[in-house]
Each structure stands twice: as C-alpha cells, then as structure tokens.
Amino acid sequence: MKILAFETTCDETSAAVMAGQVLRSNTVFSQIKLHRKYSGVVPELASRAHLEKIPFVLAGALGAAGFRLPLKRGAVDAVAFSRGPGLPGALLVGRVAAEAAAELSGAPLIGVNHLEGHLLACEFDKGRAVRRLEFPLLALIVSGGHTEIWHARGYGDYRVMGRTRDDAAGEAFDKVAKLLGLSYPGGPEVEKWARRASGKGPDFPRPFMPGTWDFSFSGLKTAVSYYLAKKAGGDARSLPDGEKALVCRAFQAAVVETLVKKAADAARSLGLRRIAVGGGVSSNGALRAAFAGLEGFEVRFSEKAYCSDNAAMVALCALRRLEAGKFVNSLRVSPDLARPGWKSRG
Ligand SMILES: Nc1ncnc2c1ncn2[C@@H]1O[C@H](COP(=O)(O)OP(=O)(O)OP(=O)(O)O)[C@@H](O)[C@H]1O
Ligand SMILES: [Mg+2]
C-alpha cells in the first residue's frame with residue numbers, strides 16, 4: 001500500500017510517501033524565517049509560501065521515494081492531506097495539491113485530522129511505523145495552536161476531555177520569548193535559555209484549573225509580563241542574560257508541571273496507565289524528563305524529527321484508516337475541525 005500525503009496547516013509545507021509501514025520520504029519546507037520578524041505566523045504570507053513551495057516539496061518527496069513526475073496512474077494507492085485544524089488559505093493549498101495528485105494517480109483522497117497526526121507520529125521508529133500505540137491511552141496534544149487531553153480508545157476513537165481556554169502551550173512559549181526579546185519560534189529558545197539558568201529565580205503560578213481537564217496559559221504569560229515590568233521597567237530586553245535565563249526556567253517549569261500533573265491526573269481518573277504526548281512542544285527536554293520521572297505510567301513521545309508539522313504523520317493517519325477500512329468522506333477543509341465521527345466532550 002503506497003500513500004502520498006500533504007501537510008500545509010500552518011507554516012510547514014510538507015509531502016511524504018509511505019509504502020506499507022515504511023516511510024520512504026518526508027520532505028519539509030519550514031517558513032520559520034519568513035515569519036520570524038513578526039514573532040508569529042502571518043496567515044496570508046503562509047498561504048502564498050505554501051503555494052510557491054508545494055511543487056518543489058512534492059517533487060522532492062516523490063524523487064526521494066523513487067517516483068517521477070508526472071505521477072502515473074496507479075502509482076499510489078491513496079492520497080492524504082491535512083484538512084484541519086489550520087489556517088484556511090494554507091489548508092486549501094494542500095487540498096488542491098492532493099486533488100491534483102489523486103486525479104493523476106486515480107487514487108482515493110483521504111482528509112486527515114492534523115492533531116491525530118501529532119498523536120500517531122509517536123509510532124515512527126527510525127522511519128518505520130512499527131511502534132504501534134496500544135489503546136486505550138491518554139493523549140496529550142501540545143502544539144502551537146492546541147493543548148488538549150483526549151481519552152483515546154482506538155484509532156479514530158477519541159474523546160476530548162479538556163482543551164485550553166485561551167493560549168496553547170506553544171503559543172505561551174512564543175509570547176514569553178517575544179516579551180524577553182528572544183527569537184521565534186520561542187519554544188526552543190526558552191528551553192535553551194532555561195538550561196543556562198543557575199541560582200534562585202522567580203516562581204510563577206501553576207494554572208491547574210481544578211475541577212476541569214481544561215488548560216489556561218494566558219494568566220501565566222501575564223504573570224511573566226508583570227514580573228518583567230517590575231524587574232526591567234518598560235524594556236524586558238535590557239534584562240541581564242542571567243535574569244532572562246531564570247525567567248525562562250521558571251516559566252518552563254510552570255508549564256511543564258501543569259501539563260504533566262493534568263495529564264497524569266486525567267489518566268488516573270480513567271484508570272489508564274499509558275500516556276502519549278504529541279505536537280511541537282513535546283520535543284521539550286524538560287517536559288520529556290518530567291514525564292520520564294512519572295511513576296506508574298508508560299509514556300510515549302515521538303522522535304523529535306516528527307514532533308513539529310510533517311506529512312509523514314498525515315500519511316500514517318491515512319494508513320491506519322485504510323487498514324481499518326474506514327476513512328473520512330468529507331474532503332472539505334475545516335479551519336476549526338470539529339472532529340468528524342469523534343465522540344464529543346463529556
Ligand atoms: N523545545 C520546545 N519547547 C517548547 N515549545 C516548543 C519546542 N519546540 C517547538 N515548540 C513550540 O511548538 C510550537 C510548534 O508546534 P507545531 O508545529 O506542532 O504547532 P502548529 O502546527 O503551529 O500548531 P497546531 O499543531 O496546533 O496546528 C511552537 O509554538 C513552538 O514554540
Ligand atoms: Mg501542528
């Protein structure tokens with residue numbers, strides 16, 4: 001079974017080919033440089049860059065997998081694309097590319113939920129999707145746009161238990177980095193600076209939101225901004241490097257403790273012993289270390305190469321759907337994808 005997949009939800013243009021459980025190629029063009037000066041993704045620029053890069057990304061992925069353009073009839077068995085959640089213009093570029101590939105190859109088109117991709121990325125082991133997730137499990141999706149806890153009962157059978165009410169964890173990392181005058185994307189920067197911290201620093205509140213599985217990171221971000229205003233007046237960028245590092249460590253510790261405690265408590269509430277963590281923030285070393293120290297749980301992360309957006313995870317979602325003989329019929333792009341066929345919260 002050969003699957004060609006596209007990913008264009010946000011600021012990565014990616015195409016991938018899987019043959020059976022083997023990832024034959026995964027070409028990713030990142031737009032980070034384009035958006036850096038704005039400290040965040042500019043939707044219109046993202047759509048244009050996807051449009052510009054997708055032919056090259058597709059040719060790269062096909063070439064690396066041993067195919068040539070134009071795609072021949074029967075060359076692949078399915079074409080997949082992320083149909084949401086994501087930026088509307090960006091999603092349309094991926095869908096149109098996928099439609100063209102499906103038309104040329106005569107293969108069916110499968111719309112995939114990007115967030116499920118972040119979860120299933122945990123199955124890759126050196127380019128082979130052989131570390132199958134064992135269900136039921138507790139899924140924690142922590143990315144630039146989402147922070148969600150799911151009760152995952154099988155492939156495609158997910159119940160959303162909680163989600164962020166304001167900023168996503170990755171967004172909070174990006175905004176705190178901006179407050180400190182650090183580069184974009186903020187997550188890896190904050191992690192790097194936090195590693196350099198030594199001595200006693202500030203302590204920020206943990207937004208545990210008792211009585212709910214939801215998250216809220218905007219108050220934590222505000223606490224950091226008040227602290228910086230007090231310490232450095234109007235310009236936090238003038239703060240000495242040692243102080244910046246302490247702020248990064250304290251902020252990261254608050255996010256990590258919140259994520260780990262809530263995921264563990266949610267898993268315990270369901271009697272689950274397995275946790276899988278996906279999304280860009282899941283590459284954070286402090287988060288991984290904290291989950292590793294959690295007793296009584298088997299915690300899975302994806303290899304770091306598959307934490308941020310990529311089409312390999314999209315191909316894998318489609319593969320698991322095809323193996324089960326069921327896939328999403330609607331090919332409409334959906335910026336706030338309301339998980340078709342998924343059990344609702346509650
Ligand atoms: N080491 C890290 N520590 C913390 N955050 C990180 C790290 N690496 C990346 N991130 C954060 O991950 C986010 C990007 O992740 P990802 O690509 O999964 O998000 P997205 O695709 O933009 O959003 P979504 O998947 O919700 O649509 C950014 O906010 C980035 O700062
Ligand atoms: Mg993503």
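Two strands pair if DSSP finds at least two bridges between them. Helices (H or I, at least four residues) and strands (E, at least two) are DSSP runs, numbered from the N terminus. This is a predicted model, in which local features need pLDDT of at least 70, side-chain atom pairs count only at pLDDT 80 or more, and totals for chains, interfaces and linings use all residues. Residues are numbered from 1 along each chain as its sequence is written, and chains are lettered from A and ligands numbered from 1 in the order in which they are written.

Q: What makes β4 and β5 a pair, and which residue stands opposite V79?
A: Five bridges join strand β4 (residues 78–84) to β5, and the two run parallel; the criterion asks for at least two bridges, so they pair. Within β5, the residue opposite V79 is L109.

Q: Why is one side of β3 and of β5 left without a neighbour in the sheet?
A: The open sheet has five strands in the order β3-β2-β1-β4-β5, with mixed pairing. Because β3 (22–30) and β5 (109–113) stand at its edges, each has a single partner strand and one side left without a neighbour. Neighbouring strands of this sheet are turned by 20° against each other on average, direction ignored; axes are lines fitted to C-alpha atoms, for helices over the stretch in contact, and angles run from 0 to 180 degrees between N-to-C directions.

Q: How do you know that β1 and β2 pair, and in which sense?
A: Strands β1 (residues 2–7) and β2 (residues 12–19) share six bridges in the antiparallel sense. F6 has A15 of β2 opposite. Helix α2 (residues 43–64) lies across β2 and β3, at about 25° to β2.

Q: What makes β5 mostly covered?
A: Four of the five residues of β5 are buried. A residue is buried if 20 or more other C-beta atoms lie within 10 Å of its own, exposed if 12 or fewer, and partly exposed in between, with C-beta atoms placed from the backbone.

Q: Why does P188 count as partly exposed?
A: P188, found in helix α6, has 18 C-beta neighbours inside 10 Å and therefore counts as partly exposed.

Q: How many bridges connect β6 and β7?
A: β6 (residues 137–142) and β7 (residues 147–154) pair in the antiparallel sense over six bridges. V142 has T147 of β7 as its bridge partner.

Definitions and conventions: Contact = placed C-beta atoms within 7 Å.
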